[in-house]
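Subject: Structure for your review

Dear colleague,

Please find the structure below, together with its sequence. A summary of the findings follows it.

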Amino acid sequence: MPDAMPTAAAGGLHYRHTLPVRIMHWINVVALTVLFASGLQIFGAYPELHFGRSSYNGRPPALAIGAREAAEGGALVGVTRVFGAEFETTGWLGVVRDGDGDLVPGAFPPWMTLPGTQWLAMARAWHFFFAWVFVLNGLAYMAYAVASRHLARDLAPTRADLAGIGAAVRDHLRFRHPRGEAAKRYNVLQKLVYLAVIFVLLPLAVLMGLAMSPWLDSALTGWVDVVGGRQSARSIHFIVAWLLVAFVLVHVFQVIVTGLCNNLRAMITGRYRVPTEPSHE
Amino acid sequence: MNSAPRRSFLATAAAAASAALLAGCDRLSRTEWFPKVLGAAEPVNEAIAKLVARSGLAQEFAEGDRSPTFRSNGTREPDSDQYRAWSANGFADYALAVGGMVEAPRAYSLAELRMLPARTQITRHDCVEGWSAIAKWKGARLAGLLDAVRPRTGARYVVLYCADPMADDGTDLYYESIDLLDAYHPQTILAYDMNDAPLPVANGAPIRLRVERQLGYKHAKYVTGIELVADFAHIAGGKGGYWEDRGYQWWAGI
């Protein structure tokens, strides 16, 4: 079976990503995009975050996005408060531009949310359907990663990897990317970040989503107190979502600076052109 | 390689692609068929949740966990002459009609409801919007009331009719429905007290449902009638509740 294991291929192309990994990667891109955009729409129905067992617990919110009228002229001003510090965020948070370019109240800009205009019921329908796409795809990926040894072979850092973390950080900061044999493997930072995303952040997002369900809270009564209560779970869910966005931004940045077309081809056809070793000076 | 223009082209292309993608999703949301596809997840979610937690108890809290103020959402004061008359008289003339598929239909005054087996619980109210608040509730156990009126074979849902009109012209009275699993759950009560005082008008006086493992819109306020039915397709929009008729899930456990 040609897809079973990455191998050296003719024409200087290295077979990097197996077909199941490529398919599951792109399903994940779609699912996470929909989950994030519909999640922002859902957040907009109550654009505040609290830590604790309820949102009315006598303490001010950790984050609050809102709108107020300017003292002069009465124009709408977007206001974002984070732990008591207040920022004017007109155009981005609290007051955003609608389809006609007019400033209107809204937590996040319509181009970021699904649906674009306020529609909580539809956002929930998207969110809970694509949650299944995401979870089933994720479970299939984990099963495949273990069974195919993708996890052990490609993702688990070796002792040598871990010893080279310092060098890897320096190389990344200088935009020096591996070539030759080393470019066929994930580098140590890549491995650690992928493992953290796959086995920590993504499962945590799911768990905190489940924690918001009043019905599932009764599966083991009081279990949401493990993270400080239901509203803490909602806040963690939101923070994890943005950490995932941060990961995607860095990931896409790395994809671009290490060769956009080569990387995209590798994730579509599986074939990756290995950068040649630099000639010795 | 001219990489700077290429990167700005890529950024523009990515932004345009994302905008086009979300616009396409919005068009799908407005089709007849696509929301039905999305809705396929609902019965799966309900079935799995009931498998994992069939009759588990909602978390109950200490007095100190109670919210300083309990937020009023939706109707704050029902705009109807009947309701104003009841309210003016301290709900002395109010009666809860219980009927439909039951052996012994009857009406309960507020005083009679207060005589039924009661339960007191400090629970968290989770609104579909994302906020939550904690309060202490005391009310008649719905299970006890059902035992008194004896549901007939074939009755599957408890429909709750409410006094608050949702439309400005006084129509579209709020209503809700729950199944018998929830109706007989020990924490499902017809609450008449909140935080040791009679339920305020803003929170559903004189009676509101507490169905603790579901979202706030299931907790019907200003309840005036209870009907046992085999199905609710013939009632209002046919989806089993005011918000359900407007696209929200009937099973609101998530």
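Chain B and chain A bury about 4,100 Å² between them, 63% of it on carbon and sulfur atoms; buried area is the accessible area (1.4 Å probe) that two parts lose on being put together, summed over both. Please note that this is a predicted model, in which local features need pLDDT of at least 70 and side-chain atom pairs count only at pLDDT 80 or more, while totals for chains, interfaces and linings use all residues. Residues are numbered from 1 along each chain as its sequence is written, chains are lettered from A and ligands numbered from 1 in the order in which they are written, and side-chain values use heavy atoms, with hydrogens and water left out.

The interface

In this interface, 55 residues of chain B are in contact with 46 residues of chain A (contact means heavy atoms within 4.5 Å). Three salt bridges are counted between the two chains, a salt bridge being a side-chain nitrogen of Lys or Arg within 4 Å of a carboxyl oxygen of Asp or Glu. A:Arg53 and B:Asp65 form a salt bridge through their side chains, at 2.6 Å from N to O.

On chain B, the elements that give two or more residues to the side touching chain A include helix H1 (3–29), helix H3 (41–52) and strand S4 (132–141). Helices (H or I, at least four residues) and strands (E, at least two) are DSSP runs, numbered from the N terminus. H1(B) supplies the largest share of that side, eight residues.

The sheet in chain A

Chain A holds an open sheet of four strands in the order S2-S3-S4-S5, with antiparallel pairing; two strands pair if DSSP finds at least two bridges between them. Strand S2 (48–49) and strand S5 (85–88) of chain A are at the edges with a single partner strand each, so one side of each has no neighbour in the sheet.

Strand S4 (residues 76–82) of chain A runs antiparallel to S5(A) and is joined to it by four bridges. A:Val82 is opposite A:Ala85 in S5(A), and A:Thr80 has A:Phe87 in S5(A) as its bridge partner. The hairpin of these strands, S4(A) and S5(A), has two residues between the strands, and A:Phe83 takes a positive phi near 45 degrees there.

A residue in chain B

B:Leu51 lies in helix H3 of chain B. The residue B:Leu51 is exposed, with a relative accessible area of 74% (exposed means over 50%, with a 1.4 Å probe and protein chains only).

With kind regards

How values were computed: Buried < 20%, exposed > 50% of the residue type's maximum accessible area, 1.4 Å probe, protein only.
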